[in-house]
Amino acid sequence: MSQSIAPRVRLDVLWIFLYASCAIIALRLFDLQLLRHEALLKAAERNRTQLIFTTSPRGRIFDRNGRLLAGNRATFSLVYLPPKTEETEELERLARTLASTLKQTPNEIMGILQRALKRGAPVRLAQGIPWQAMFQLSELKTLVRGMNLVVEAERTYPYGALGSHLLGYLGNMETKYLGLLREAEGYRMDSMIGKAGIERLFERDLHGIDGGILLEVDAGGHLKRVLDRIPFRPGRDITLTLDAQVQEAAENALRRSVSGKGAVVAMDPYTGEILALASQPGFDPNWFVELPTEKGPRTRHQIPEFNLAVQGTYPPGSILKIVTAAALFNEGRARPGDRVHCPGYFKLGDRTFKCWRKEGHGDVAFLDAMRDSCDVYFYQMGLKTGGATLERYSRWFGVGEPTHVPLPGEATGNAFGPMARLGKRPRWRKGDTVNLSIGQGGILVTPIQMAALIGTVATRGTMFRPQFISRISEPDGETIFQTKPEVLRQVDIKPEIWDLLQKSLERVVEDGTGKKCRVPGLVVAGKTGTAQNPRGEDHAWFVAYAGRPGEPPRVALVVLIQHGGHGGETAGPVAKEILEAVFKDRAPTGEAVGRL
Amino acid sequence: MPFVARETIRGRMDWTLVWATVALLFMGTLAVASASWHLPYSNHILQKHFLALGIGAFAFLAGLSLNYQVYQDQSKAAYVVAILLLLAVLIFGQTLRGTRGWFRLPFFSFQPSEVVRILTIFVVANYLVHRGRWVTELPVVIGTFALAAPVLALILAEPDLSSTLVLFPTLLCMLFCAGARPSHLSALAGYGLVSFAMPLVWTYLSLRPERTASGLGGFLGSLSHFSLTFFLALAGFAAVLAFLYWFHAKMRFQLPWYYFAALYLVLAGGLSTGILVNHALKDYQKKRFVSFLSPEADPRGSGYNLRQAQIALGSGGFWGKGMFSGTQSQLGFLPERHTDFVFAVIGEELGFLGALFTLGLYLFVLWRLVMAARVARDEFGYLVACGLTGLFGFHLLINTGMTVGLLPVAGVPLPMVSYGGSSLVVSLWSLGIAQSVYMRRFML
């Protein structure tokens, strides 16, 4: 064996090759099993576990008397856990089976299933399944792997459309919001978030933290066992200052009014607490909770989302006569006893301004002029006061300034006067002053501004910020936020002027333009208004405050009826209904009890 | 004197190899039991596994007691049997997973290519023994492959790519140990590499079409058919080599001309074979290439296996998740877990320790095989032991390399650990033969 030396060396080479190769594999094992252990263990856990989220109940919303305005109910959702391997032929069978029960086409369901398969994440096939369908589906659950029924909390609004503009509604998460809310706990792409009103404003408070069921699944998507149940944390409850009865009365009255469209704001003048904030037409926020397929296409732009009470701007009309009178007498430009002759029109140069009553009011002093809302009296007195002073007073009373009511999109309206016109064309002329003195021209106000204004008259000079949140509390009842009254501004007018204004407004309701709003047993003071509308029927205004005799006023109220014509005729009865609801068997307030 | 003979056997046997094998079989049985635990036919698998273990024990004894020189004497018969078995399985065999490679017997299926591999080792060893003096010459090297070519072709025809994949380096290993020139071997290895690398490249290009837009990618892509470009490239390459030869002669280097010719032949031959292999490859085999080249391309498809094996290994960590509690293997995320990916099961459930232990055991068995080759009393025994070392060694490297993600998924089992009756029995038989070589190391 001549070659017996060389081959033995080659054997060593072979051995070294095998040894080195195994060393490389061992190094790779070291890399995988020790260095990359954490990451790969996580991957293995992701493989074997599936988390089905259980939607936590949103915080409830109550009215001031504890009536539930927005709550939650348990519903069943059908959740599909996709298998980790590709098996599409079974999906088609599944889609056909589900189609009849869920009332969707097989293609739609197939699309959802395939997306779930691609993402490898559980998907909700249906939410809010009715009971009958639930029983059919629970049979399916045993037949089809990966199908599960979970109980979830779903938003429900027991009063339906009541306070819809204030409460808002829920909608699906949008990508832009997910980016904003990513840091917050408990948000996912399929979370429902508030899209309007309180639901949107207090989204972070109302949204609880979702719980979940952690499942162990195998490669085929079979459920092996439940690993963990993570309890959800409900959202915080919000108690409103709203009174559901008043709100209901306001909405009903608005619906029954001439046009059926309009706004009502009722608030406690001494605290700014809103008792009712209605805007018609409204909507039922329950519509948004249900799956869109179930009630046909009800897209968002079909919903009357516009909140007239804070977003609608109108000329104040005769309501502004309160401001004109305050400016006139506080500045001492006239005495209340001064008389003005009203022939039914007023000539200024070559222009003629009409009184609303063609035949005129004759000789009128202030109280009569206010009671009958005589325009000519205020034209002349407005000229005496001067445009700049009128504008200053109207700003003082909050015209053109936001009330800072905590609702998104509040309009500020438009203050009108020589200062606002400064540097613009056409220049301010006396005719503009005439218009401004009865609240016409370029002046625009929102209903809630007018509520604050009449509230200021009721409190004799203190304007409170309108608020509707009373308190926010944790689910266990601990209050984490309590609203305090905030003074928005102080209108410093001599007390005798307030007396005069209040007396004149009381007479408006007693036997003037606002007598349709007279409520027996109450002292009601108010002012009607007609906002001229060049594009149709005028808008009807009515502002009022009311209290029991001998007590301070309890409510300040504004009613706006779109295209309602004369304020006293259409808005007055609405205001009356609301006042009756406010004072109907309500328990005496704390201070009243204290006085007894 | 039977008593003395038995004493002799006991005294001369390589007991360390026996114990290492037993330990390896124990690990394998544990892994197979654990991996098949949740399968509906788990009992069936375990029954067959234990049956194969029993038969394997007898096969081991048979291999051990029979003088290995018998195989040298009967190598012609072995060759005929090998060819006949492969032909028979092609005609009468049963198709499992796209491969016509099984005989269905009353109790279990039998895969003749397992036996044929051992028979080929005998035949090649005998050939090399007889031509030992000229092994440094090229004709012997080519002759070796010519001898093995029918077997390789028939196995490829099944088609059983992975068996071929292991047999080719085994033959190279035998030639190397027989003393063939490294230059011849590297030319052969280069040929093999080119013929397997080109399909890989083409698959990669088909995956990333944007690469074919550029110069080199487009050129390589156009070589995947016997097109005009292909022949032009061959001609161009010949011209380049001729120029290089002329140039280096000018520079007064003295390299023989056939170096250049060999380089040309290796490339041209490898390319041509590569085209044939590329056409012969099944879609699923190409997909395995794909998944190796870019596992992200299709994480739910063929890249899935690779990814899941690495997750299984990595999630095992140092100590492992414990026997029967690996989530990857128990819940079915790991595919082929009781066969090709059994190493990942060990890695997941017994951790780095268990995987390293198994690897070490295997390396120990290989060392004992090398030892058997070292002490073999004749050239045939030496070459057979070398062939077996190569066979087991390349099985180990390809299987574990695939499991840890260093090599493409090739469907090569880990002998004695993976589930597979024929493989187990034949492996034990071949270890018995190695024992026979070791035992009869002394000239009697």
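**Close-up views of a predicted model**

**View 1. Polar contacts join chain A and chain B.** Between chain A and chain B, 11 residue pairs are in polar contact, both residues of each pair having pLDDT 80 or more. On chain A, helix 1 (5–35), helix 2 (37–48), helix 4 (106–119) and strand 8 (211–217) each bring at least two residues to the side that touches chain B. Helix 1 of chain A gives the most, with 22 residues. By residue type, the side of chain A that touches chain B has 25 nonpolar, 7 polar and 12 charged residues. The structure is a predicted model.

**View 2. The interface buries about 4,200 Å² between chain A and chain B.** Carbon and sulfur atoms account for 69% of this area. R10(A), L11(A) and Q33(A) supply 16% of the area that chain A buries against chain B, more than any other three residues. The contact involves 44 residues from chain A and 56 residues from chain B.

**View 3. D12(A) and R374(B) form a salt bridge.** Their side chains meet at 2.6 Å, N to O. The rule finds 1 salt bridge across the interface of chain A and chain B.

**View 4. Aromatic rings pair within chain A and cluster in chain B.** Over all chains, the whole structure holds 29 aromatic pairs. One of them is the edge-to-face pair of Y314(A) and W541(A), with 6.2 Å centre to centre and 85° between the planes. Y314(A) lies in the loop between helix 12 (308–311) and helix 13 (321–330) of chain A, and W541(A) lies in strand 22 (residues 539–547), so the pair ties together parts 227 residues apart in sequence. Y314(A) is buried at 5% relative accessible area, and W541(A) is buried at 0%. In chain B, ring pairs link Y68(B), Y71(B), F122(B), F380(B) and W429(B) into a cluster.

Note on methods
Residues numbered from 1 in each chain as written. Chains lettered and ligands numbered in written order. Predicted model: local features only at pLDDT ≥ 70, side-chain atom pairs only at ≥ 80, totals over all residues. Heavy atoms only, no water. Contact = heavy atoms within 4.5 Å. Buried area = accessible area lost by both parts, 1.4 Å probe. Salt bridge = Lys/Arg side-chain N within 4 Å of Asp/Glu carboxyl O. Polar contact = N/O pair within 3.5 Å; in protein donor to acceptor, adjacent residues only side chain to side chain. Helix = DSSP H or I, 4+ residues; strand = E, 2+ residues; numbered from the N terminus. Nonpolar A, V, L, I, M, F, W, Y, C, P; charged D, E, K, R; others polar. Phe/Tyr/Trp six-rings, centres within 6.5 Å; stacked < 30°, edge-to-face > 60°. Buried < 20%, exposed > 50% of the residue type's maximum accessible area, 1.4 Å probe, protein only.
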